[in-house]
Amino acid sequence: MAVPRSSRAKNFLCVCIFTIIFHHVVLPSAENRYTADYSMRFLDAVPENLPAETVVLDLSQNSISELGTSDFNHLSKLRVLKLAHNFIRDLNFSIFQYNQNLEYIDLSHNKLWTISYHPITHLRHLNLSYNSNLSMAMLSEFGKMLKLEYLALSARRIQKPDFSALAHLQLDTLFLDLEDLSEYEAKNLPAFNTTCLQIALPRNKEFHIVLDLDLNTTVGLELSNIQDNHVNDLKAVLLKLNGNVRLRNLTLSHMKTSLHDVIDFFQNVRETTIEHFNIYHLTISQLDDNFSDPDYAETSLISLTIKYVKIEETRFSQPKVYRLFSEMNISALTLSSANVIHMLCPLKPSRFTYLNFAHNSLTDELFQSCSSLNLLETLVLQGNQFKKHTTVSLMTSHMKSLRYLDMSQNLLQHEALEKGCHWGENLVELNLSSNLLSDSVFHCLPVNIRKLDLQHNQISSVPSMTVELRALEELNLASNRLTDLPGCGQFRSLRLLNTEINSIVTPSSQFYHTCPSIREVKAERNPFMCSCEIREFIDLRKQGLVVLVGWPESYRCEYPEDVRGIRLQDFHVSELFCNTTLLVVVVLVITVVFVALISFLCLYLDIPWYLKMMWQWTRVKHRIWKHNPEDVLDNIEFHAFISYSERDSDWVKNVLIPNLEKEDASIRICQHERNFIAGKSIVENIIDCIEKSYRSIFVLSPNFVQSEWCHYELYFAHHKLFQEKNNSLILLLLEPIPPYIIPAKYYKLKALMAKRTYMEWPAKTSKQGLFWTNLRAAIHVKLLCDQEIAELQV
């Protein structure tokens, strides 16, 4: 939020130089190194074996009652020690003699009765407040701690010499808890040399502590528990302040008084050097309308802050009270949690540059047609009752200098067809979070907006046709109903996008292609679908294009169930599975290779030839069945069918057949030259002869494997072997056949020769007799004579 210089100063609660430097520089740097946090552990003693490297040790909110040297002597690097809210009764600072780097000790809210001093060289912060039994006389030695910057004490009795030893310390902040003060004499408070003085005033109304304050060196004064006589005492002190005092910041908290007294405070402050006036937890017991408006014509007051107001009386003239604040001649005004239901437009051009009316009951009627806030730069209307989005835009149209507007936590809605959108031309930061806005809000936004907060609304998508926001750099859409990352078609300068806690399953590619300027994305805690599409989102970070805030722990798979809980960083999927083009190419390549391989195998193994033979066999069998359907018997006419190469015909005709048939004609041989029937195809004759023969003899030689018809005959005989499951094949090896000369299509021959016993023609004459005997026995079977066959056919 762009807050003007005056508004930053207005929140000054006596947090002085020490608080700024120590708490924002010393503590964070220490805690980042090594912190041991044992707070709220129900401990009754300091834990043993604390790490020697400990820099920050937090033992607050336990039940520790005693401290010893051995508890801390090994912690030489200790700088911060927190012991608040325990039961420590006695403390000797010598237990810290080995902790020379100790800078911060908090012993508030204990039961301290006695305390013994021991120098701690670098101690800068010491909090002993809310130890009401501790005697101030025991603290005189602490005046030797010249580096001390913050000191907090409690007292029940104050005597004149009690603070004399501390008066010379140049403190940044001094806090005095005097709530339980029971003994006090006037003028017993010295002039403290402190930049910021904080006092919790006593409950006893008889003590006029405020009147004894010397504020000549004090820049900031904070008083709490203000009531009755304290109010009058404070007004008297303010009247005595002159232009030579350094007081610039006054804070009053937990104050109960009347509206008339509050107005008097405004008037008295106007005449002092005070620049920033803050009131917290104000209870107004009486609302008296009989008051005159303070004169702010010539005043040093820059900012007024009033927070947490309780009004005990509800009957009062509201316009007069509202006019009191609207006409203030100051730069910054805060009325937060103050039960404000309306605020009037200033009657004349106002000096306001900062207005904060958060957590009230303001409505759409606020500042309508108000043209006197031309210098206003920041307007905070968080937590009110605004309902119409376009009415808010119209309110800002008259605020020529407005740069920041906070409308969060209201009831704003925008109808899709609603007209009348007129925003201030210089508005660059807009907070519309926690409202009832939907997608249509993008049709009514300031054209020069740079930072837009729309978290906690009812937005499901960013419409493609919206107001073009060329200057928009930061967009917060957290905790809405988004199902996808929005594109940047209308937000070309967008650098930071927050879409955490939505319903984004798979970010679309539109986001990657339309958001060239995006540098940081916060998309934590979305129900991501871990699939191919999510890879582009993951690659954004891998390629260094954007920073994913919360990566990798807050980015996990929600779907499908088998990967639920896995970090996106650990999710992997194959490129082939996700790339359709690559998948098609690979499938095509595999298909082409497969077809080529099958084609090669077909050609190599002569598969087309076998298919052709199968077709011929089927045709012949069908024709036989068609012409002789009643023939169900095996009509075996020959003992053997001989298949041989024409080049081996001399041996077959002159040796084989004569030795088998002999003169008694007991064995009949089927030979193609004499038994093939004219008019039939060769294939039909081959099949027919094989079918009518008891055995098929194949005369194997190198010439046999070169014959195409021999191959046919072997194929059909082999087919019959498997079809009829008989032992009809006889292999007769006439000459050795080297394996390398057997063609690929004769793989069945190779298999048969490898698995079946074949007969080998012996070269020696002495062995040939046995050969013929075995061969005749192999083919011998009793066949029907020709007359019996004819009768059977009839």
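The dialogue below turns to aromatic pairs and then to one glutamate.

Author: This is a predicted model, in which local features need pLDDT of at least 70, side-chain atom pairs count only at pLDDT 80 or more, and totals for chains, interfaces and linings use all residues. Residues are numbered from 1 along each chain as its sequence is written, and side-chain values use heavy atoms, with hydrogens and water left out.

Reader: How many aromatic pairs does the structure hold?

Author: A pair of aromatic rings is described by the distance of the centres and the angle of the planes. Rings of Phe, Tyr and Trp (its six-membered ring) pair if their centres lie within 6.5 Å; planes under 30 degrees apart are stacked, over 60 edge-to-face, and the rest tilted. The structure holds 16 such pairs. The planes of Phe-72 and Phe-96 stand at 40° with ring centres 5.7 Å apart, so this pair is tilted.

Reader: What describes the pair of Trp-761 and Phe-771?

Author: Their planes lie at 80° and their centres 5.1 Å apart, so the pair is edge-to-face. Phe-771 has a relative accessible area of 4% and is buried (buried means under 20%, exposed over 50%, partly exposed in between, with a 1.4 Å probe and protein chains only). Trp-761, at 17% relative accessibility, is also buried.

Reader: Is Glu-536 buried or partly exposed?

Author: Glu-536 is partly exposed, because its relative accessibility is 37%. Not counting residues up to four places away in sequence, Glu-536 touches Ser-509 and Tyr-512, where contact means heavy atoms within 4.5 Å.
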